[in-house]
6 protein chains.
Amino acid sequence: MNIVLKIGGHLLFGERVEQSLLKEYVGVLRELYRGEKWVVVVGGGVPARKYVEAARGLGLDESVCDTLAIHVTRVNALLFSHLLGDKAYPAIPQSLEQLREFAERGRIVVMGGLQPGQSTMAVAALAAEAIGAERLIVATDVDGIYTDDPKRNPRAKLLKEITIPELLRKLSQYSHSAGEYKLADILGLKILSRSQIPAIYLNGKNPENIRKAVQGQLIGTLLKP
Amino acid sequence: MNIVLKIGGHLLFGERVEQSLLKEYVGVLRELYRGEKWVVVVGGGVPARKYVEAARGLGLDESVCDTLAIHVTRVNALLFSHLLGDKAYPAIPQSLEQLREFAERGRIVVMGGLQPGQSTMAVAALAAEAIGAERLIVATDVDGIYTDDPKRNPRAKLLKEITIPELLRKLSQYSHSAGEYKLADILGLKILSRSQIPAIYLNGKNPENIRKAVQGQLIGTLLKP
Amino acid sequence: MNIVLKIGGHLLFGERVEQSLLKEYVGVLRELYRGEKWVVVVGGGVPARKYVEAARGLGLDESVCDTLAIHVTRVNALLFSHLLGDKAYPAIPQSLEQLREFAERGRIVVMGGLQPGQSTMAVAALAAEAIGAERLIVATDVDGIYTDDPKRNPRAKLLKEITIPELLRKLSQYSHSAGEYKLADILGLKILSRSQIPAIYLNGKNPENIRKAVQGQLIGTLLKP
Amino acid sequence: MNIVLKIGGHLLFGERVEQSLLKEYVGVLRELYRGEKWVVVVGGGVPARKYVEAARGLGLDESVCDTLAIHVTRVNALLFSHLLGDKAYPAIPQSLEQLREFAERGRIVVMGGLQPGQSTMAVAALAAEAIGAERLIVATDVDGIYTDDPKRNPRAKLLKEITIPELLRKLSQYSHSAGEYKLADILGLKILSRSQIPAIYLNGKNPENIRKAVQGQLIGTLLKP
Amino acid sequence: MNIVLKIGGHLLFGERVEQSLLKEYVGVLRELYRGEKWVVVVGGGVPARKYVEAARGLGLDESVCDTLAIHVTRVNALLFSHLLGDKAYPAIPQSLEQLREFAERGRIVVMGGLQPGQSTMAVAALAAEAIGAERLIVATDVDGIYTDDPKRNPRAKLLKEITIPELLRKLSQYSHSAGEYKLADILGLKILSRSQIPAIYLNGKNPENIRKAVQGQLIGTLLKP
Amino acid sequence: MNIVLKIGGHLLFGERVEQSLLKEYVGVLRELYRGEKWVVVVGGGVPARKYVEAARGLGLDESVCDTLAIHVTRVNALLFSHLLGDKAYPAIPQSLEQLREFAERGRIVVMGGLQPGQSTMAVAALAAEAIGAERLIVATDVDGIYTDDPKRNPRAKLLKEITIPELLRKLSQYSHSAGEYKLADILGLKILSRSQIPAIYLNGKNPENIRKAVQGQLIGTLLKP
C-alpha cells in the first residue's frame, strides 16, 4: 500500500533532536517497509521556528520566513533519511516532479517543505496525490481530531472519524484563533478531498501508533474524504 | 513600483493564440517598463484545458492534470516572454527561488504555474510576496469584482473596492458552484492578506486598462488586504 | 530488443487529443514491453503547429518557433508517459545524456524534442544511436515510403524496402517542395546510416502495426542503413 | 552588432595548446568588444580527436565518441573564457536555452559543442540564430572557400563570395570524400539559410583577420544566405 | 578591492540567532560595499553543532555529519543574504563554479559550506582564490592569532603578524588537541599560500573591526602568505 | 564489499590513451563486480597536465588550473564509464551528494575530480567515506609505499604496511620536495583516518593486482587507518 506519513516537526526536533524517538520511528518504518511507494514528510520543529522568529524580528517578509523554514525541514528530512539507511532514497525531493521520480525506486522518500505559503500538511497531501497514496497518516502531539481544541477544552472528545466537509466547517469556526498555517491546512484538505484520499490523525509520541496505522488497525481519528 | 500582473489564460490563448491582443499587451508593457521588478503570470487558457480534459478522460489523476496544465502555462509564458524581447528575462522561473534570482536583473519576468494544487492566481500572489510587489493586477474577462456573479445575475453591480475578508465571505457563499480552483484562490487571497498586498481586478480584454492600473489610475475593483 | 518508436504528433494530437488511439498505443506498448531499452519520441501535432504559426505571425525567429514546438512535444510526451503508468520512466529527458541515464532503469522513456533545428525524426535517430537501438519504428499517417508522394501521385507504389542512400537521392529530388524539416530529416538519416540502424516506416493509424513491427513481422517499408 | 565567431579547434588546440595564438585572439576580442551579444564557439582540436580515436578503437559507438568530443570542446571553451577575464560570461552554456540566458549579460559567451551528431559549425549556426546574430565568422586554417579543395588542387581559387545553395551543390559533389561531419555542416548551412545569416569564412591563423571581419572589412569569403 | 569575509558560525548563530549583531554586520557591509567582488562565508554555529551531535549519537558517519552541517550553514547564509537585501546576490552558491558566476553580478555573495571534509575556513580560502580576492578577513571570537591558545594560557600574546609557514608549524605542535577541522584548516592555509592571499584574523564580536579591516586599517593579526 | 578504486591518470591517459591497459582494467572490473557499491576515481593524466601548463603559462590562477584539470578527469571518467557498459552508472557525479545517489543503483560509479584544491586521492577518500567503503585501492605507477622515494633512492624498500600517522610523519619530512598536491593528499589521509578506512597502494600497471586487491589477497602496501 502506498502511504504518506507526515510527522510534526516538534515531535522529533525540539530544543534538541529527539534521538530515541527518531530511532523508534526508523525502527518501525524499516521493519514494515516492503518496497511500496512511501513518503515521509517531516516538519521543521523548534529549529525552524527559531529561524522564522529571528527573520521576522529582523523585518524579513513572510516569503523569506517560509523559505528559511523549508530549508530547515529539508535538513530534518536529510537526517531522517540517512537514519533509514538503505531503505531510503538518498536525496530529498524539492518538487513534486522530483518526488514522482524518486518514489519509483523502491525506497522510502523523505522530504520536507516545498514552497512558501504551504504547511507540511499541504505538502503531505500533495505528495499523497502525486504518488497515488491510499492513505495519509498524520502524526501529531495529540490523539487525533477532537470535538473541540483539546488543549483548551478539557471536555473535548476524541472523534473516531469525521468527514472533510465537517472538519472544514469546524476549522472555519476556529478561524479567529487560527495558527499561522490554517490557510495551508485548508489547501491540504481540499487536495485530499479532490483525490479522495483518507487520512488518519494519530498521536505520534508513540511510534507504535504508526505501526498500527500502517497495518490498517483502527487508531486515532479517520478523516474521510 | 514592483508589480505582478496576472493574465487569465483564456484572454490570450483561446482556440487560437490571440495575436493582436498579445501585441497590444506587449506594447503597453514595453512602453511602461522602467527596470523595476515586474512579474507577468500567464494562465493556460484553452490549450491547457484541452490537455486536462483529455488526461481526465483517460483516467489520469488530478496531480497529473495540474502538471500538464502547468507545462502549458510555461509554453504560454515563453511565447509572451520572447515577444517582450530585451525587456524580458530570457527564461521562465520554475520555483519562487528562481523567480527571486531572475527578478533582480532589471527585466520583466514572465512565468506560468509552479505546482499542482495552485491556480495561477495563487502563483501570482506568491510571486507578489516573493518580489515585494506593491500591487497585484489581475486581468480577467469581466470588469472587476461584482456584488454577484455577473454572468448569471444581470443586476450584479461592479464594486469599486472590497476587502479580502469581505471577498472571502462572498466566496464561501458561492462555494457549491465553485470552479475547480476556488481552493487555490483562497490560498492566493490569504497570501495577499498576510503580506498586505492590494490587488486590482480589471477587464483584461482592453490592455489600456493595464496601462491605467500600472500608472495608478482607478480602474476595475480594488481589493484591499 | 532495444527499440525507438517515433510517433508523428498529428496522429495523436490533432485539434483534440486522440484519446482512443492513445489508449490503444499505450495498451500495445504495455503488453509488449519486457524491460528492454525502449524510447518513444512524440511529435508536437496541431498544438505545436498553432504556437509556431502564432510565433511566426508575431515576428519571432525560427529558433524561438522551434523552442516553443519542443516544449509542446514535451507536454505531449508527459501525457503519454503518464498513460504508460509504471511501465514508463516518470520524467522526460531533455538531453541525450539524460536519456542515457533514464533508459537504464527498465522503463520505457518517453520524450519530445531536444533542440531547435531538429525534427523529432532526427531526435529519434539520435535516441536510437544513444541507447544502441536495433531498430527505429516510424509511425506516420501513410503506409510507408512510396515511389512518389502518395498524397499527390495516386500511382505511387509502396516500397517494401529501400536503402538510405536511395532515399536520400529521392529526397534531394523533392527538395523544392520540402516541408520545413527536410533538413533535419537528412540529419536523421545520416545518423541512422553512420550507426547502421534500420528503420521501419509504417502506418501509425493502426496501432496493431506497431505490435507487428515490434514483434519483427514485415510491415510498411524497411529502410536499410 | 551581434556576432558569432567559430574557431576551428585545431587552430588553438594542437598537440599542445597554442598559447601565443590564444593570447592574440583574446587580445583582439577584448579590444573590440563593446557589450553586444557575442558568442565564441570553440572546436575540440587534437585533444578531442585523440579521445574519439581511442573510443572508436575501443569499440564505443558514434554517440559516445561525439559526447567525449563535446566535453573536450567545453574544456577548451572554459580555458578561452577564463582568458577573456571579465569580458566573458563565467560559465559555458550547455544548451541553446542557457546560451540565450547568458548572452543577455553584456559579456562574451564562450561555448563548445551541444549534442552528438552536430559539428561545432552547426552549433555556431544555431547559436547565431538563437542570439539573432547579424554575422557568423568562421575561422579555419585556409583563406576561405575555394573553387575546389585547396589542399588537393593547387589551382583552386579563393572565392570572394558564394551563396548557400551554390555551396550546398558544391558539397554534394564532394560527398564521397566527406569528412566525418559533412552531415552536420549541411545542417549548419540550412540554419543560416532559414534565418538569413551571412557567414564569413577566413583564415584564423592570423587573428588580425578576425579584427577585420568584426569591423566589417572585406576578408576571406562571404557566404550569402 | 575583492574581499572574502569568513564569519564564525558561533558569533551569529548561538542557542538563538544573534539578531542585533547580525544587524550590525549587515549595516557595516551595506555601508561599505561599492560593487566589487565580495563573498561572505558563514559557519554553522550552534544549530549545526546540534545536528552533528545528534547524527553522531545516532551512529551516522562523518560524511553525513558534515553534510548536515553544510546544509545548516546554507540556511544561515540565506538569512544573512536576505538581510543584505538588494546588496546581496539572491541565491547561495553550492559550488565554486556557481560562486564565480554569482560573483560577477555586482552583489555580495553569501555562502556556507561546500563539501564534507572542509571547514568553512577552507571554503573561504577557496572562495578567495576563485574570485581573485586581495584579502581574506576571518572574524573569530578572539582578537587574532596568539603566541599560544589564549583560552588556556593567560600569558599568550596577540601577534601583529605571522607567516603561513610559521602558523603551520605552530598548528602541528597543537595537533594532539586539535579541533575536528584542523585538517581542513591546513587545507585553507595551503590554498592561501599557493595563491598568495593575505588573511586578517580579528575579533568579530565587534563589527567595527570588520569596517577597519575592509578599509585597510591595522587590526587583529595579519597572516602573511 | 564496498570499494573505491583510485587510478592514477598517467597510467591510462598519457600522450595517447592507453587502450589496451584500459581494456584490461575494464575486463577485470566487469568480471569481479557483483552489484555492491563500487566507485572508480580516475585522474587527469597527460591531457590534464597539458591544459594546466598552458593555463599557468597564460597567467591564469590556481583555481582555474584545477578547474580545467577536473573537467579533463571527467572526460576520462566518461570514457572509462562507457567502456564498463551496463556495469557502470551512465553519468559522472559532480558532487558527493550525487555520488551517494548514483551509488545506490547497483552499478559501478566512475568519477573524476570535484573541486579545486583537491587531488583525486582526496576525492577518492571522500568518496570512500560517502559510500561507506570498506577499502580504498590506490593504483599508482610503483609497487606501493616505500621507506624512501623509490625514484630517487634505489635502496628504498617496499613496505608491507604502514599506519596513517607514520605515513603523515614521512610526508612532512618530504615536504620541501612536495608535488603540487601533497596538501590534498594530507586531506585524503585525514579523511581515511577519521572514518577508519584502510587503503591498499599497489602497482596499477598490472591490472591483475587490482583483481588480487579486490579479492582480498595481500598485494602492495596496506595503509592502516
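**View 1. A salt bridge links R16(D) and E15(F).** The side chains of R16(D) and E15(F) meet in a salt bridge, 3.6 Å from N to O. A salt bridge here is a side-chain nitrogen of Lys or Arg within 4 Å of a carboxyl oxygen of Asp or Glu. R16(D) lies in the loop between helix 1 (9-12) and helix 2 of chain D, and E15(F) in the loop between helix 1 (9-12) and helix 2 (19-32) of chain F, so the pair joins two chains. Helices are DSSP runs (H or I, at least four residues), numbered from the N terminus. R16(D) is partly exposed, with a relative accessible area of 46%. E15(F) is also partly exposed, at 36%. Buried means under 20% relative accessible area, exposed over 50%, and partly exposed in between (1.4 Å probe, protein chains only).

This is a predicted model: local features need pLDDT of at least 70, side-chain atom pairs count only at pLDDT 80 or more, and totals for chains, interfaces and linings use all residues. Residues are numbered from 1 along each chain as its sequence is written, chains are lettered from A and ligands numbered from 1 in the order in which they are written, and side-chain values use heavy atoms, with hydrogens and water left out.

**View 2. Chain D meets chain F.** The contact takes 27 residues from chain D and 27 residues from chain F. Contact means heavy atoms within 4.5 Å. About 2500 Å² is buried between the two chains, and carbon and sulfur atoms give 73% of that area. Buried area is the accessible area (1.4 Å probe) that two parts lose on being put together, summed over both. Y51(D), L58(D) and V75(D) supply 26% of the area that chain D buries against chain F, more than any other three residues.

View 3. Helix 2 (19-32), helix 3 (45-57) and helix 4 (62-84) of chain D each supply at least two residues of the side that touches chain F. Helix 4 of chain D gives the most, with 11 residues.

**View 4. Chains D and F are related by a turn.** Chain D can be laid on chain F with an RMSD of 0.0 Å by a turn of 180° and a shift of 0.0 Å along the axis. The two copies are thus related as by a two-fold rotation axis. The same surface serves both: 100% of the contact residues of chain D recur in chain F. Copies are superposed by least squares on the C-alpha atoms of residues with pLDDT of at least 70 in both.

**View 5. R194(B) reaches D66(A).** R194(B) forms a salt bridge with D66(A), the closest N and O atoms being 2.8 Å apart. R194(B) lies in helix 8 (residues 182-194) of chain B and D66(A) in helix 4 (residues 62-84) of chain A, so the pair joins two chains. R194(B) counts as partly exposed, at 23% relative accessibility. D66(A) counts as buried, at 5%.
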